[in-house]
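Here are my notes for your read-through of this structure. Keep the viewer open and click along as you go.

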Amino acid sequence: MPHHGILMDNVRVDISKMMKAKSDAVKNLTGGIEYLFKKNNVTYEKGHGKIISPNKVEVTRKDGSTGVIETKNIIIATGSEPVSLPFLPIDEQTVITSTGALSLTKVPKHLVLVGGGVIGLEMGSVWKRLGAEVTVVEFLPDITGGADKEIAKTFQKVLQKQGMKFIMESKVLGATKNGELYKIEIEGVNTKAKQYLEADVILVAVGRRPYTTGLGLENINIKVNNRGFIEVDPHRRTSVPGVWAIGDVIPGPMLAHKAEDEGIAVVEDIASPGVGHVNYDVIPSVIYTHPEVAWIGKTEEQLKTEGKKYNIGKFPFAANSRAKTNDETEGFVKFLSDPETDKVLGCHMIGPNVGELIAEVGLGMEYGASCEDIARTCHAHPTLSEAVKEAAMSAYSKPIHF
């Protein structure tokens, strides 16, 4: 920042105050939900719910008392929990999940991430910026499985430039603790070569699984698949009439906004059967790092697998006026479109505020937009959104400013 005339010294981090701010934010958000319940006359119980019949749910409250709620419809929306590894028992102090990563009392000296997926990289990125050394151990050749490979490789390079280290195509075999440090044994997936790392904190981020423990699914014979997800039809009805399921407990991306749309659709279907709809082809994904990563629709790899032809349109933030002025020029916007109709098939971004920029593309795709539709829509100057316009223009013609 010195070249912008902003000089700083003696910059410090107060983790206790940071964690209090985090807790206050969580309290305000959950309190907001309670307010909305009251405002909309929604009766709610605090406790553990267990389905005892297709129209009855038993609630066990914190004080141990129980009650039974009778209902015509049940919506299962219990979310997911982190997957654990048997040889790395979680204590949420030094061997942690994403939950523990949000409650550490000090900056780790060396944080080792087991898994290079979205949640682990988000947490690792935060603690790296706060001063920790961060090493990622990933089983696969690429980080962020499911992302467009070009984006994933660029993302890894950006994180490496920030100082994060990566050990790819490797797996953790175990860890032994000596004092405050763990000695972590790592083996190459293909080479079988072994290496060891020392770390004071291990973050296990190898995925999430549906949370259905103690829910009583077996009481009414709700079908689940071999991975524990509740099986549903296109309208999110389970195998038991009157029982519905949404969010992380059913197959599909584990995203809060997907669950929200599914919740609305289910309630619409209960009120008026067949009305509720979710377009699963237009669900955005965002990685909240710095810079951010976002995508929607098909990746190049998916289109190749499907044997579909496509055009590519790209525009770098290095050529965007707002990004250059703000010194946030890493990354680019990439469109994939149908070569005959110009219809947008997918869009992938890495750069500043792309978690916000992706919404424009989602709206366009929902209405069947072509790249030209987006490119011929006037975008304010100077804004980051102009990179979206120029990338769309590049897919069917060529950009103006690059």
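The points below go from the whole chain down to single residues.

1. Before anything else, remember that this is a predicted model. Every value quoted here is computed from that model, so read each point with that in mind.

2. Start with the whole chain. The chain holds 10 helices and 20 strands. Its C-alpha trace spans about 65 × 60 × 45 Å along the principal axes. How does the radius of gyration sit with a compact globule? For 402 residues a compact globule would come out near 21 Å, and the chain has 24 Å, so the two agree.

3. Of the 402 residues, 43% are buried.

4. Have a look at helix 5, which runs over residues 256-271. With 16 residues, helix 5 reaches 23 Å from first C-alpha to last, close to the 22 Å expected at 1.5 Å a residue. Which residues of helix 5 are buried? They are Lys-258, Ala-259, Glu-262, Gly-263, Ala-265, Val-266 and Asp-269. What do these buried residues pack against? Their partners are strand 4 (74-76) and strand 15 (243-245).

5. Next, find Ser-125 in helix 3, residues 118-129. Is Ser-125 buried or exposed? Its relative accessibility is 1%, and the cut-off for buried is under 20%, so Ser-125 counts as buried. If you set aside neighbours within four places in sequence, Ser-125 touches Met-164, Thr-289 and His-290.

6. His-290 brings us to the peptide bonds. The bond joining His-290 and Pro-291 is cis, with omega about 0 degrees. Pro-291 sits in the loop between strand 16 (285-287) and strand 17 (292-297). Another cis peptide bond joins His-381 and Pro-382, again with omega about 0 degrees. You'll find Pro-382 in the loop between helix 9 (371-375) and helix 10 (386-396).

7. Check the backbone at Glu-92 too. Glu-92 has a phi near 60 degrees, a positive value in a residue other than glycine. Glu-92 belongs to the loop between strand 5 (80-82) and strand 6 (95-96). Its relative accessibility is 28%, so Glu-92 counts as partly exposed.

8. The loop holding Asn-353 lies between strand 20 (344-351) and helix 8 (354-366). With a relative accessible area of 42%, Asn-353 is partly exposed.

9. Val-11 is in the segment before helix 1 (15-39). Why does Val-11 count as exposed? The cut-off for exposed is over 50%, and Val-11 has a relative accessible area of 65%, so it passes.

Methods: Residues are numbered from 1 along each chain as its sequence is written. This is a predicted model: local features need pLDDT of at least 70, side-chain atom pairs count only at pLDDT 80 or more; totals for chains, interfaces and linings use all residues. Side-chain values use heavy atoms; hydrogens and water are left out. Helices (H or I, at least four residues) and strands (E, at least two) are DSSP runs, numbered from the N terminus. Buried means under 20% relative accessible area, exposed over 50%, partly exposed in between (1.4 Å probe, protein chains only). The expected span of a helix is 1.5 Å times one less than its number of residues. Contact means heavy atoms within 4.5 Å. The radius of gyration is taken over C-alpha atoms; the globule rule is 2.2 Å times the number of residues to the power 0.38.
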